[in-house]
Amino acid sequence: MIKILGISAFYHDSAAAIVVDGKIIAAAQEERFTRKKHDSGYPFNAIEFVLNFANIKLSEIDSIVFYEKPFLKFERLLETYVAMAPRGFAQFSKAMPSWLREKLFQKKMLLNLLKQHDKTFNNSKKIFFSEHHLSHAASAYFPSPFDEAVILTADGVGEWATTTVAIGNGSNLQIKKEIHFPHSLGLLYSAFTYYTGFKVNSGEYKLMGLAPYGEPKYAEKIEKNLIHIKEDGSFRLNQDFFNYTTGLTMTNEKFHNLFGQKPRDSKKDKITQFHMDIASSIQKVTEDIMVKICKSLREEFNISNLCLAGGVALNCVANGKILKEKIFDNIWIQPAAGDAGGSLGAALSYWFLELNNKRNNSKIDDMNGSYLGPSFSNEQIEKILIECGAKFDRLEDDLLIEKTASDLSNSHAIGWFQGRMEFGPRALGGRSIIGDPRSPDMQKNLNLKVKYRESFRPFAPSVLREDVGEWFELNDDSPYMLIVSDIKNEKKNEMTEKEKKLFGIDKLNIKRSDIPAVTHVDYSARIQTVHKETNEKYYKLIKKFKEKTNCPVIVNTSFNVRGEPIVNTPQDAFNCFMGTELDNLVIGNFYLEKKKQDQSLKKKYQEKFELD
Amino acid sequence: MEFIREFWEFLKIRKKYWLLPIIIVLLFFGGLIVLSQGSAVAPFIYTLF
């Protein structure tokens, strides 16, 4: 048996994954254990978890693969600073200490850190370094259900590459072309995330969620001034408008003058129609570029399958556009498309590309529904709940599902904690908050009373796979909630002329469809199709809800509050349950009601987490 | 020493010998840079470095 440990760390979402004889055994993000969102530190806990889950000691691991090459990244940094000197000293002086102290000597640093898991481990020859975009591409292709595919990866930046095209064929994967720093679609999107007052690296979702409230009034201005897009979708950013190569902000004065406003200060400035129009504009430009690239790739390589990864692949609206245009016959997107997934890609690339192992495609994806994290037995859950002082009932599966479906139909907000935790940013019915999508107040209530987040943000539907075509303009699998599609016309409530004239967030109060809680203001929805094969309990719950209500759709949002990583343990779940206005908690076979709990256990919870 | 050997290999493969003097100077003044306090202003930037 060959055991490979993949690690991503030190920049964005740290994570670890373990692959044994080419099979993905376990993967998890460090943030879930440390309770620090997007934790970028050494993933000590995630590594401990994957090793324990696979029942392997570190000294028994054959190879440890880091997801990118530090020397190559250092080369990019030095070349950029030399090219820009004397500008860029501010960033240079910020970057160099950590590089000269540790990042440049990453192999030694990793070796020392790895010894924490197993003192007998002392073999630096087992440590290897993949390339950032190769790791992304491997994570997108090798677990996919395809024998042959074009692989497109796009993010902020890795070493040099920001966008790559690769071809996967059987056990082979070859990078064909790249776009290099500073020209980056991810950084362009992040620049607008910064400009509209959201946090770079995490607020990109909010910008995407804000886009449907606006009009793409500035799209032409962006394309004329900021980015030169070529016929094949490749692009160059006009660096006159950006500050990220040399400074400590994403944009500069020239950028702000172009749009006529300073960047929004989230502490004092409200979101206005201007910010919504900006969001809509950059979203449109991003979609246009992605569609253009995909069209040219289809023409160039004449391969009918597409795999996507990299942070930009989390832009599910753009993914939905690529699908809608029918450029490729099939699309598969790595659920952990961000840097966390790099840990998995690093391990898989080593297994297939360095060890030259043969790939046996099982025709269904190898991600196990992305349920690759920790799970807890009923005995473990019971022990933890007793320690927490919880009042609970233990119910058999059928009764548990009956009761939960009944609560859902009565508009309860429910914490749903079952089986293994998801790998990647989306909750997919393992660590989810669920609700009734037919309720007109559900979106507002969940945002303001449960999640404590901005009221403009939409929620996503989980729908039975066999019913997706009846409710949405989609007839494909979307198990990882990475495709956005419109609600079917017959489920929509057309807006009156008066309602159409409403601006921005006011539109949210209109009942836009039969399932308003998951219908965005432009009638779109970020869909998760639920499959019996990957999550039977969740499937049964929605099926029961359908029996009661004739609606095969429920609201699914991640089990956390704003700024908090998704819950990992039963204790995290109970704390979140008692700190919010959730009505019920269903955890393993245990059923909890808020009104029966000791009210003194209620805590002011949301203040514990720094807002994202 | 493993680091020096690997880094030299890297420069050879990438044909980036001109980076060497910069790196030597950086490492020479490294102590100063490491010890110097960076700006207290938190960067609002994608983690490029």
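The model is predicted, with local features needing pLDDT of at least 70 and side-chain atom pairs counting only at pLDDT 80 or more, while totals for chains, interfaces and linings use all residues. Residues are numbered from 1 along each chain as its sequence is written, and chains are lettered from A and ligands numbered from 1 in the order in which they are written.

Buried residues make up 54% of chain A; a residue is buried if 20 or more other C-beta atoms, placed from the backbone, lie within 10 Å of its own.

The secondary structure comprises 20 helices and 21 strands, where helices (H or I, at least four residues) and strands (E, at least two) are DSSP runs numbered from the N terminus. Strand β18 of chain A, residues 524–530, has seven of its seven residues buried. Side chains in a regular strand alternate between the two faces of the sheet. Here, Ser524(A), Arg526(A), Gln528(A) and Val530(A) point one way, and Ala525(A), Ile527(A) and Thr529(A) the other.

Two strands flank this account of β18(A), pairing being called when DSSP finds at least two bridges. Strand β16(A) pairs with β18(A) in the parallel sense over three bridges, and Ser462(A) stands opposite Gln528(A). Strand β17(A) pairs with β18(A) in the antiparallel sense over four bridges, with Asp486(A) partnering Ser524(A).

Conventions
Buried ≥ 20, exposed ≤ 12 C-beta atoms within 10 Å, placed from the backbone.
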